[in-house]
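Please keep the sequence and the model in view while reading.

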Amino acid sequence: MKKLFLVPVLTLASSLCAMAADEVAKAPPATPYQQISKLVKLPDFLPGMGQLFVDPATLPAGPFLAYDHDGKLVSTIYMLPTKDLNPDKSFDNLAAPGGNVDHVDVYYNAGHPGVEEPHVHVVLWHVAAAGEASVAK
């Protein structure tokens, strides 16, 4: 149910960012984005996610821009701390710098370098579901 609620909100937000989509379509994106593997102890490419870039000022939530092996933007990822998913906090107007969103995945993560606390990944896919294979390995 929560996944369905997010889709219209995120789709609207993504249309507002269409002009910025060209600026982040290929890796590396412009400043202020930095490669996450240069900021924290993570590999350059994360299977299932891709090569990640983030504006350090937006940590821990992001957005993280995820690129495939060819440097093409495939998704925008938010990492929302589970402690902040409560009635006192909201995450409004989540932007999709990559433009149009094809579909959205939401899943739990217990924590990892850079975002150590438990959090939820909200993945705004800019490619069709079949395109997810480009970051699978």
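Leaving aside its neighbours within four places in sequence, Ile-77 touches Met-49, Leu-52, Ala-61, Pro-63, Phe-64, Ala-66, Val-122 and Val-123, where contact means heavy atoms within 4.5 Å. A second, separate core of 10 residues includes Val-101, Val-104, Val-122 and Leu-124; a nonpolar core is a set of buried Ala, Val, Leu, Ile, Met, Phe, Trp, Tyr and Cys residues joined through side-chain atoms within 4.5 Å.

The largest nonpolar core has 17 residues, and those with the most contacts inside it are Leu-52, Phe-64, Ile-77 and Met-79. Strands S2, S3, S4 and S6 each supply at least two residues of this core, and its largest share, 3 residues, comes from S4.

## What kind of model this is

This is a predicted model, in which local features need pLDDT of at least 70 and side-chain atom pairs count only at pLDDT 80 or more, while totals for chains, interfaces and linings use all residues. Residues are numbered from 1 along each chain as its sequence is written, and side-chain values use heavy atoms, with hydrogens and water left out.

## Overall make-up

The secondary structure comes to 3 helices and 6 strands, and from the N terminus on the elements run α-α-β-α-β-β-β-β-β. Helices (H or I, at least four residues) and strands (E, at least two) are DSSP runs, numbered from the N terminus.

Of the 137 residues of the protein, 46% count as buried; buried means under 20% relative accessible area, exposed over 50%, and partly exposed in between, with a 1.4 Å probe and protein chains only. The protein exposes about 7400 Å², of which carbon and sulfur atoms supply 60%; accessible areas come from the Shrake-Rupley method with a 1.4 Å probe, and for residues only the protein chains shown count as cover. Among contacts between residues at least 6 apart in sequence, 56% join residues at least 24 apart.

## The sheet

The 6 strands form an open sheet in the order S1-S2-S3-S4-S6-S5, with antiparallel pairing. Strand S1 (34–35) and strand S5 (103–109) stand at the edges, each with a single partner strand, so one side of each is left without a neighbour in the sheet. Two strands are said to pair if DSSP finds at least two bridges between them.

Strand S4 (residues 73–81) is joined by 7 bridges to strand S6 (residues 119–125), the two running antiparallel, and Tyr-78 stands opposite Val-122 in S6.

## Strand S2 and an aromatic pair

The structure holds 1 aromatic pair. Phe-53 and Tyr-67 form this pair, which is edge-to-face, with 5.5 Å centre to centre and 90 degrees between the planes. The pair links distant parts of the chain, with Phe-53 in strand S2 and Tyr-67 in strand S3, 14 residues apart, and both residues are buried. Rings of Phe, Tyr and Trp (its six-membered ring) pair if their centres lie within 6.5 Å; planes under 30 degrees apart count as stacked, over 60 as edge-to-face and the rest as tilted.

His-119 is found in strand S6 and is buried, with a relative accessible area of 0%, while His-112 lies in the loop between S5 and S6 and is buried with a relative accessible area of 18%. A polar contact of 3.2 Å joins their side chains; such a contact is a pair of N or O atoms within 3.5 Å, where within protein one must be able to donate a hydrogen and the other to accept it, and residues adjacent in sequence count only if both atoms are side-chain atoms. Leaving aside neighbours within four places in sequence, His-112 is in contact with Met-79, His-119 and His-121, and the contacts of His-119 include Met-79, Leu-80 and Tyr-107.

Lys-41 is found in the loop between helix H3 (36–39) and S2, and it is exposed, with a relative accessible area of 77%. The C-alpha atoms of Lys-41 and Gly-114, 73 residues apart along the chain, are separated by 7.6 Å.
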